[in-house]
Amino acid sequence: MNKYEEVIQSIFLSNDGQIDLLTGALAPDQFDQIAKRDLGIADRNSSQTAIISVVLDLQQYLPANYAAELDKIKSDIESELVKLHFELKNIFRQTDCICRVSKLGFWILLNGSSEVATRQLIERASKLLPEFVQINSCQRLASEALIDWYQRIDKLHFNLNK
């Protein structure tokens with residue numbers, strides 16, 4: 001069992017089908033509907049699409065000797081997630097979809113973003129976000145199925161806090 005499992009399990013994650021109730025980010029179902037629509041458009045226009053994964057890294061966020069009670073840690077992390085969502089909204093375009101996909105992170109859908117443009121955006125975002133936030137990207141391959149693309153970004157997103 002991962003040493004952060006109890007902390008991760010305590011983090012609030014719930015949505016009303018439209019938005020995440022903690023941060024106000026899109027709910028996964030809404031994100032999925034938008035991604036399906038946008039991939040159809042991208043295929044017709046031969047344009048590129050990427051997903052950026054943003055995850056709060058507990059190993060960096062919580063110092064090794066951090067000894068606060070679970071409720072305090074939970075509250076601090078939830079506050080940080082709300083703050084992180086607002087920071088992401090300021091960094092990315094209004095048309096970029098930001099979804100809270102996990103207890104500790106977000107996915108951002110970028111339409112019409114080449115690999116070079118996505119890397120530049122990640123570099124800029126990395127300078128603006130705290131050190132304990134990990135950013136990765138996954139460019140969609142030409143005509144790649146949505147489920148296959150999600151599997152690749154899942155590996156980047158969900159392997160961080162193990």
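Modeller: I will begin with the strands and then turn to the helices and loops around them. A word on the basis: this is a predicted model, in which local features need pLDDT of at least 70 and side-chain atom pairs count only at pLDDT 80 or more, while totals for chains, interfaces and linings use all residues. Residues are numbered from 1 along each chain as its sequence is written, and side-chain values use heavy atoms, leaving out hydrogens and water.

The strands form an open sheet of 4 in the order β2-β3-β1-β4, with antiparallel pairing. Here strands are DSSP runs of E with at least two residues, helices are runs of H or I with at least four, and both are numbered from the N terminus. Two strands pair if DSSP finds at least two bridges between them. The edges are β2 and β4 (133–139), each of which pairs on one side only. On average, neighbouring strands of this sheet are turned by 25° against each other, direction ignored.

Although β2 is an edge strand, 5 of the 6 residues in β2 (residues 97–102) are buried, so this strand is largely enclosed by the rest of the structure. Buried means under 20% relative accessible area, exposed means over 50%, and partly exposed lies in between, for a 1.4 Å probe and protein chains only. Antiparallel to β2 runs β3 (residues 105–111), joined to β2 by 5 bridges. A hairpin of 2 residues links them, and Ser-102 stands opposite Gly-105 of β3. Next along, β3 pairs with β1 (residues 49–56) over 7 bridges, again in the antiparallel sense. One place to look is Ser-53, whose bridge partner in β3 is Trp-107.

Helix α5 (residues 115–128) lies across β1, β3 and β4, and runs at about 175° to β4. Axes are lines fitted to C-alpha atoms, for helices over the stretch in contact, and angles run from 0 to 180 degrees between N-to-C directions.

Another helix pair is α2 (residues 28–45) and α6 (residues 146–158), packed at about 120° with axes 11 Å apart. They are therefore oblique to each other; under 35 degrees would count as roughly parallel, over 145 as roughly antiparallel, and 65 to 115 as roughly perpendicular, with the rest oblique. From α2, Phe-31, Asp-32, Ala-35, Lys-36 and Leu-39 meet Leu-146, Trp-149 and Tyr-150 of α6, contact meaning heavy atoms within 4.5 Å. These contact residues divide into 6 nonpolar, 2 charged and no polar.

Further along α6 you will find Leu-156, which is partly exposed at 33% relative accessible area. Leaving aside residues up to four places away in sequence, Leu-156 touches Asn-136, Ser-137 and Cys-138.

Ser-46 lies between α2 and β1, and Ser-143 sits between β4 and α6. Neither is a glycine, yet phi is positive for Ser-46, near 55°, and for Ser-143, about 60°. Ser-46 is exposed with a relative accessible area of 66%, and Ser-143 is exposed with 61%.

Terms used: Nonpolar A, V, L, I, M, F, W, Y, C, P; charged D, E, K, R; others polar.
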